[in-house]
Amino acid sequence: MSERKLRAWQAAGLIDADTASRISAWEAAHSRPIGVWAVVGLGALTIGLGLVSLIAANWEDIAGTTRLAIHMLLMVALAAGTWWSMSRERMHDQVQDALLFIGAVLGLTFFGHLGQVYQTSSPLWQPLLAWMLLFSPLLLLFGRGWPVAGLWMAGLLGLMWAHADDHGHIWTLFGRTERPWLCWGLIACPPMIVAGAAALLRGRSSRPAFWRLLEQMAVATIFTGISLAILLHGWDGDSSLRPGSALIHGLALLAAAAAIAHARRTASGRATAALLLVAAALHFTQALLPNLHGTARAWTGSLFFCLLWGAVAAAAIHAGWRRLFQLAVTLVALRIIILSFELNDDLLGSGVGLILSGLFAMAVAWGTIRLSRRYAPARGDMA
Amino acid sequence: MMPRRTRLILAAALTLPLAALAGSWAVTHRQAQQGQEWLIPIQGYDPRDLLRGHYVQYRYDWPLAPHQGEDGRFDPSYADALCVTGIAPHIQAVRPLPRTMNADQSCAIILRGTIGTRREIRGLTSDIFYASQSQAIVLSRKLSDPALQGLVRVRVRPDGMLNPVALEFRRRPPPQP
């Protein structure tokens with residue numbers, strides 16, 4: 001805290017002399033020697049980089065088992081350090097998260113390292129699944145911030161993606177072109193399960209911020225996934241979803257909505273649960289639609305997209321999510337602009353269509369800004 | 001100080017991945033020491049630079065038994081298993097083994113394609129060999145040299161799965177006039 005600021009506040013009559021001296025005393029007692037720590041940190045970083053460079057320069061000459069032993073020793077040392085400092089609760093939350101993050105990444109790379117040394121290979125989802133099983137207890141029970149929550153969520157999404165990719169490939173290998181609906185239905189469910197479970201744990205855990213982050217990440221994943229499914233359905237009829245898969249997704253969304261509504265009886269909880277219900281209804285209805293072509297497909301595709309994000313905007317007003325409201329309104333506007341270009345496809349060459357589409361895009365942009373200014377919730381409200 | 005129960009959970013959560021990874025290493029190491037070594041002719045090159053490291057991709061160039069080559073219908077990519085004749089590590093010829101036939105006295109060893117592995121590894125058709133960046137470039141250059149015959153030294157596990165050990169090169173005999 002700068003003394004200059006304190007004097008300025010005192011001069012402006014915001015605080016009295018007594019408060020100013022008490023703030024100064026408190027800041028002096030709680031100040032951290034940032035300069036010293038920065039130099040120590042820089043020194044440690046330099047030594048670390050030097051060691052890494054030494055090993056990297058001689059990497060090819062080091063025997064495979066020795067390299068693996070170095071990797072394993074690093075993990076053991078990190079685990080011991082993590083246990084020692086965490087059990088004494090002497091660590092800042094961010095440092096603790098950084099240690100867990102580094103440990104988990106070292107664990108993940110060990111699988112790749114093992115494969116390189118022993119020339120063994122496996123589909124990507126297998127080491128990812130093993131990593132999730134081995135590191136989830138550590139990350140979920142002791143994680144505190146976004147690095148750990150983000151890493152865990154990225155691992156889960158990577159696992160889902162790698163498995164779906166591999167599964168799709170195996171089915172084509174056996175000459176089966178029809179997608180197994182049960183597999184595609186179940187494979188997309190983990191984010192729904194995480195959203196519901198995180199909401200339930202949020203109220204009971206001593207780390208509600210961590211579970212809140214995971215819930216937000218899972219819900220964001222769900223809405224990104226459903227938006228992509230709607231967009232792809234609108235642009236490419238072949239990517240249509242099978243009703244069986246969409247029904248499984250819908251049921252998982254209902255379960256997540258029920259869990260969130262039960263766990264969080266606030267405006268934000270109600271709005272999230274309602275949005276998941278809307279997403280389930282739209283997703284399932286779209287899978288039931290027959291394969292449309294041309295203008296009909298463009299209209300229905302954009303209608304579903306606008307309904308989804310229109311619902312998000314309405315929920316954002318109810319729950320007071322300012323940023324999300326602005327994002328939803330922008331996405332709806334963009335989709336409408338894209339629709340106008342899609343419908344004017346045959347006129348684009350003539351120039352008239354281009355002018356009309358351009359004018360329409362400007363009108364939509366103007367309307368969006370007006371709408372956003374008039375209805376956006378006030379700053380400072382968060383989910 | 002953390003409560004005793006939480007400290008125990010933390011210790012368990014930290015030990016679980018370490019123990020499992022160490023166990024996985026031990027099992028992989030033991031498996032890598034087992035089996036018989038064979039030399040299989042290979043062709044093709046395809047150095048890759050992926051996150052998982054540099055590797056050279058190759059295709060097996062199976063020496064076919066005479067009557068298999070004549071009709072030209074044998075494609076090892078459709079074979080579940082291959083019967084190898086010869087004396088380790090030198091393969092004389094291979095022929096596909098029907099699924100129902102497990103043991104055959106005339107086979108020196110039976111090779112089986114790995115199912116459910118990475119896309120670059122297709123049964124008994126192709127495989128990959130991890131190498132350092134500089135090594136991968138040298139290997140791929142040698143593999144593309146028509147004067148050299150590439151061979152992969154594999155260790156065949158008791159279940160018939162192949163594990164590459166090294167890439168070797170032999171000068172091809174000059175073409176007959």
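Helices, meaning DSSP runs of H or I with at least four residues, and strands, meaning DSSP runs of E with at least two, are numbered from the N terminus throughout these legends. The model is predicted, so that local features need pLDDT of at least 70 and side-chain atom pairs count only at pLDDT 80 or more, while totals for chains, interfaces and linings use all residues. Residues are numbered from 1 along each chain as its sequence is written, and chains are lettered from A and ligands numbered from 1 in the order in which they are written.

**View 1. The loop between H5 and H6 of chain A holds A:Gln119.**
A:Gln119 is not a glycine, yet it has a positive phi of about 55°. A residue is called buried if 20 or more other C-beta atoms lie within 10 Å of its own, exposed if 12 or fewer, and partly exposed in between, with C-beta atoms placed from the backbone. A:Gln119 counts as buried because it has 22 C-beta neighbours inside 10 Å.

**View 2. A:Asp166 lies in helix H7 (residues 146-173) of chain A.**
Since 18 other C-beta atoms are found within 10 Å of A:Asp166, this residue is partly exposed. Two residues are in contact if their C-beta atoms, placed from the backbone, lie within 7 Å; not counting residues up to four places away in sequence, A:Asp166 touches A:Pro123 and A:Trp125. A:Pro123 is 43 residues apart from A:Asp166 along the chain, and their C-alpha atoms are separated by 7.3 Å.

Domain bounds, which come from an automatic or database domain assignment, divide chain A into domain 1 (1-32), domain 2 (67-178), domain 3 (179-291) and domain 4 (294-383). The centres of domain 1 and domain 3 of chain A, taken over C-alpha atoms, are separated by 50 Å. Of the 383 residues of chain A, 30% count as buried, and among contacts in chain A with a separation of 6 or more, 71% are accounted for by residues 24 or more positions apart.

**View 3. Helix H12 (residues 267-288) of chain A has 22 residues.**
From its first C-alpha to its last, H12(A) reaches 32 Å, close to the 32 Å expected at 1.5 Å a residue, where the expected span is 1.5 Å times one less than the number of residues in the helix. The buried residues of H12(A) include A:Leu275, A:Leu276, A:Leu282, A:His283 and A:Gln286. The elements that cover these buried residues include H10, helix H11 (243-263) and helix H13 (294-319) of chain A.

**View 4. The largest nonpolar core has 78 residues.**
A nonpolar core is a set of buried Ala, Val, Leu, Ile, Met, Phe, Trp, Tyr and Cys residues joined through C-beta atoms within 7 Å. Within the largest core, A:Ala195 and A:Leu214 have the most contacts, and helix H10 (residues 208-235) of chain A gives the most to this core, with eleven residues. Leaving aside its neighbours within four places in sequence, A:Leu214 is in contact with A:Ala149, A:Met153, A:Val194 and A:Ala198. A second, separate core of 30 residues includes B:Ile40, B:Leu111, B:Leu151 and B:Leu162.

**View 5. The contact between the chains takes 30 residues from chain A and 32 residues from chain B.**
On the side of chain A that touches chain B, the elements that give two or more residues are helix H4 (64-87), helix H5 (93-118) and helix H6 (125-142) of chain A, with the largest share, nine residues, coming from H4(A). Ala, Val, Leu, Ile, Met, Phe, Trp, Tyr, Cys and Pro count as nonpolar, Asp, Glu, Lys and Arg as charged, and the others, Gly among them, as polar; on this side of chain A there are 17 nonpolar, ten polar and three charged residues.

**View 6. Strand E8 (residues 148-156) and strand E9 (residues 162-171) of chain B run antiparallel.**
Two strands pair if DSSP finds at least two bridges between them, and nine bridges join E8(B) to E9(B). B:Arg153 has B:Ala166 in E9(B) as its bridge partner. In the hairpin of these strands, which has five residues between them, B:Gly160 takes a positive phi near 95°.

**View 7. A cis peptide bond joins B:Ala88 and B:Pro89.**
Omega for this bond is about 5°, and B:Pro89 is found in the loop between strand E4 (81-87) and strand E5 (90-97) of chain B. Chain B has three helices and nine strands.
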